[in-house]
Amino acid sequence: MDPILTGFGILADPISLAVILLGTIIGVLVGALPGLSSSMAVALLLPFTIYLEPVPAISMLAALYCAGTFGGSITAVLINAPGAPPAAATAFDGFPMAQRGEAGRALGMAAVSSVIGGIISLLVMVLAAPALAKIAHSFGPPEYFALAIFGLSMLASISGKSPVKNLIGGALGLLIATVGVDLTTGVERFTFDVPELYEGISFIPILIGLFAVSELLSQSDVIDQAKERINLTAIKLPSRDDFKQVWKTILRSSGIGTFIGILPAEGSTMAAMIGYNEARRWSKNGDKFGTGEIEGIAGPEAANNAATGGSMVPTLALGIPGSATAAVILGGLQIHGIRPGTYLFENQPHLLYSIFAAMLVANLVFLVFGLAGAKLFSRISLIPRTFLWPAVFALCVVGAYGVNQSLVDVTIMLIAGFIGFWLKRYGFGAAPIIMGVVLGSLVENSLAQSLIIFDQDVSRFLGRPVAILFFVLAALSIFYKPLFGAVHRMRSGPTISQRGE
Amino acid sequence: MIRHWRDLLPGCVLLVLAGVLYWVTTGFGTVPPSFAQGMQAADMPRLILGIIALLSLVMIYQGRGHDEEAKPVITWRMWATTLVLLASVFLFGVLGLTLTTMLTCLVIPLLWGERRKLHVVIYAIGVPVCIYLLFTHALQLRLPQGVLSPWLS
Amino acid sequence: MRHWFTTGILAVGITSASLASLVQAADDFPTEPIEIAVHTSPGGGTDTTARMVALSTQEQLDSNVFVQNKKGGGGSVAMSYVSGKPADGYTLMAVTPTHLFTMLRGKSPIGIDDIQGVVRATDDPIIIMARGNSDYETIDDLIEAGQSGIIKWGGTQIGGVDHIAAMSFANEADIQISYVPFDSGAEFAAALSRGDIDAAGLNISETQDQIAAGEFRPLAVMAEERMGALPDVPTLAENGMDVAFSTVRGYVVLKDTPQERVDALEQAMLAGMESERYQEYLDGIGLDSASIAGAEVWDKQIRRMYEAGEATMTDLGLLE
């Protein structure tokens, strides 16, 4: 208990508290600007943190990271441009809601579910961080392969569109992930002699293209709607009934996010996707997902924020960052002479708890920020489209260019935008493509690594219990519907169906 | 004929794409035999391409006898916007971000039928200036300025 | 003419100190921001080190020093970026063994003769490690096991410094290894401690706590001399193997940069790295001031690594 108290003691220090608040506010703003990612913001702030003590410095960066993940959802809802990869799933239902004139309701829900997800995960972390670090440590290539297969098992059902089209979308995503030098052979694939493609296609340009640029093209043909009707409801926050409807989704997603977050594999994006898919699977309105269902916001938002807190565990305890931002925070640790690794918890246990304290503050701050801001930001959805979208495009260009300072990334964004527009027209959603891109290199690399470790003997997967567990979950995820249906028919016969949730 | 084959067009495009990319995989470099262990570099892409081809066939088969779903009409505006976006990426390298943004913010609203000409002009100057001040000065992010680089850094 | 005129006035009793400042003004460097091009995204060792160096150097100069991330192509994007800049000393490039291997493969617009070294910032030799509870007590045990069976060896991507080092060791020791590539050092350190792999070439910066706790056992250092932090661990050279690889990071400018500017940069960067803050950073990653070196040593080292890399890669069949 002692290190926990020492760690949370950081909140009693006014300077530390001030920099944590500053980090939170910068994080929300940066996350909300599609032109700037939280990894860039952390990298830009790094030199300034040098003048701080190590613990407040890292806490500030952690608060920024946490707030950045939340900030990303603001633009995802308002202009269909996720400010950060974990917010991609929020756009699926958030943007349709904003278009319908319910931007405030969507933003408010995003804020509240983010905060609940974040706090639940932080409580779990405070109670069980060392144990969770052990779980994260026990995940080797075979376990990651099984986890990735579990992720892929959701492809067919992730959006309401035709399962075959979802699978094709997922396969296209996997294909995008194969671009670049193959990890296990060192061979260049689909690089077409462009050196920028050597290390693979960056995620952010694809994301901005598929969402924002393709939306811009769709908007070119839209006839102006009557703005007066939208005006009335746009700034309304979610109602009590909304929360009654989503509290189960929030709890479920918080659990998913906390668990996926501790695994160092693009944790929060994957958590958001799984959170979205499970929200859809268990919802009564599953078929309407993608057209502006409020559960479709609560699901990914609670999960990605829960995962952001969780991702500090592998970053600190293993030195393996779960995201681009965590990678820069890792650099921040080293600048301050803190060595990440299994022994960090033994040597400096209070550091971890200070970081959790900072993230807790960040969560509380952006609850206020998010709800007050929702009213303000939702007015953006009232800007006429002729003025909104050109500015969005300019920000998209900055965002795609900024990550790697590369024109190739801007071109990729545009190509992704054109392809995204035509795919959408023929009923292919963005969700499975994003899922494929996120899981692509994980699937292939962990399989190749496992096979070398197992001397090319596939049966040795059976010696890894955790891997088996995920394979079983994957099978259940695919076959649960037919199975559930069959069992149900046998049991209940002609009586009224009372499927509980 | 085609009307009763829903998804025939995207299916064929995907099949052609899979074929072309399969041909690209045959050009992948080879590794010295001492490094080759298990999976080859081309294996995974070929597997994925095979799956895409197979699923496309399934999709075409599922769509037989169905009519194409009603889709929003594509007008000349979409094509013009596409051209503007394409042109902007080419101009980006030459003119730099600020000037290119100025042009897109001028052309797109007019293209989309905005009538308030004065608003458009103010907008086309305001947006790039704001972006320049915000990113280059407040956030210290270096953006390419092309022909303006001697003056804006 | 003007020069004579100024000295004429100066002769009327201005101190020699201000004379010196006037002479410097003849080549007023630097007056603009200096950039360091790095071949990775933000985060990670090379980027973090560059940011520390930039920060420390900045305090020695009147100009800003900033890091420019030019990711891609095993350094070739950064190299073509730098080669497109004037050779005026305002653009530095971070160089690691990866850059040299990329040059060797002919995938870079510039060659080894187009650059000159300025300073070296870190020198982190690769150490062969096994699990603390494994049967491999010494490097000979590992070699023996590798001659009768196959050693599973962890490292980063194929064709990178870890891979070349491992293959070069396997060649010299005549052992068989099965190389398992991972995305980062921390990942194969975790794989080693789980027992998924038998051995790995790791840096001390990633493993000092594990070594101290006895979880990892360092068997040999891939360097010519023993390390200050691990005085008891033999080098491969002592075992009669000419295998020396290290994760070095240093900075270079284009060859045609005026010599006085290179000297000015070298001085400022060396002074910056002498600062307490940079020394603390080195200490934190398990290194000491032996990592820092000036232009002469560093430039020689780049060329030596380049030649060694060429020999190894030809042996391995990676070069035609």
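Trainee: Let's start with C:Tyr281: buried or exposed?

Mentor: C:Tyr281 counts as buried, at 1% relative accessibility. Buried means under 20% relative accessible area, exposed means over 50%, and partly exposed is in between, using a 1.4 Å probe and protein chains only. Keep in mind that this is a predicted model, where local features need pLDDT of at least 70, side-chain atom pairs count only at pLDDT 80 or more, and totals for chains, interfaces and linings use all residues. Residues are numbered from 1 along each chain as its sequence is written, chains are lettered from A and ligands numbered from 1 in the order in which they are written, and side-chain values use heavy atoms, with hydrogens and water left out.

Trainee: OK, and where is C:Tyr281 found?

Mentor: C:Tyr281 is in helix 11 of chain C, residues 276-284. Helices (H or I, at least four residues) and strands (E, at least two) are DSSP runs, numbered from the N terminus.

Trainee: What does C:Tyr281 touch?

Mentor: Not counting residues up to four places away in sequence, C:Tyr281 touches A:Gln334 and A:Ile335, plus C:Gly45, C:Thr48, C:Thr49 and C:Met52. Contact here means heavy atoms within 4.5 Å.

Trainee: Zooming out, how many helices and strands does chain C have?

Mentor: Chain C has 12 helices and 10 strands. Its C-alpha trace spans about 85 × 45 × 35 Å along the principal axes, and buried residues make up 59% of the 320 residues in chain C.

Trainee: Which domains does the assignment give for chain C?

Mentor: Domain 1 of chain C is 31-124 + 246-316, and domain 2 is 127-239. Those bounds come from an automatic or database domain assignment. The C-alpha centres of domain 1 and domain 2 of chain C lie 26 Å apart, and the contact takes 15 residues from domain 1 of chain C and 11 residues from domain 2 of chain C.

Trainee: Switching to chain B, what pLDDT does it average?

Mentor: Chain B averages 86, and 93% of the residues score at least 70. pLDDT is the predictor's confidence in each residue, from 0 to 100.

Trainee: Which residues of helix 1 of chain B are buried?

Mentor: B:Pro10, B:Gly11, B:Leu14, B:Ala18, B:Leu21, B:Val24 and B:Thr25. Seen down the axis of helix 1 of chain B, they fall within an arc of 140 degrees, so they line one face of the helix. On the other side of helix 1 of chain B, B:Leu9, B:Val13, B:Val16 and B:Trp23 are exposed. The buried residues of helix 1 of chain B pack against helix 8 (163-177) of chain A together with helix 2 (43-62) of chain B.

Trainee: And what's in the segment before helix 1 of chain B?

Mentor: B:Asp7 has its place there. B:Asp7 has a positive phi of about 65 degrees although it is not a glycine, and B:Asp7 counts as buried at 3% relative accessibility.

Trainee: Which residues of chain B does UniProt list for "transmembrane region"?

Mentor: The unreviewed UniProt entry lists residues 7-24, 44-62, 83-112 and 118-135 of chain B. UniProt positions are given in the numbering used here, feature names are shortened, and annotations may be inferred rather than shown by experiment. In the model, residues 44-62 of chain B are 100% helix and 0% strand, with end C-alpha atoms 27 Å apart. Residues 83-112 of chain B are 93% helix and 0% strand, and their end C-alpha atoms lie 13 Å apart.

Trainee: Last one: which peptide bond in chain C is cis?

Mentor: The bond from C:Phe29 to C:Pro30 is cis, with omega near -5 degrees. C:Pro30 is found in the loop between helix 2 (16-26) and strand 1 (34-38) of chain C.

How values were computed:
The arc is that of the directions from the helix axis to the C-beta atoms.
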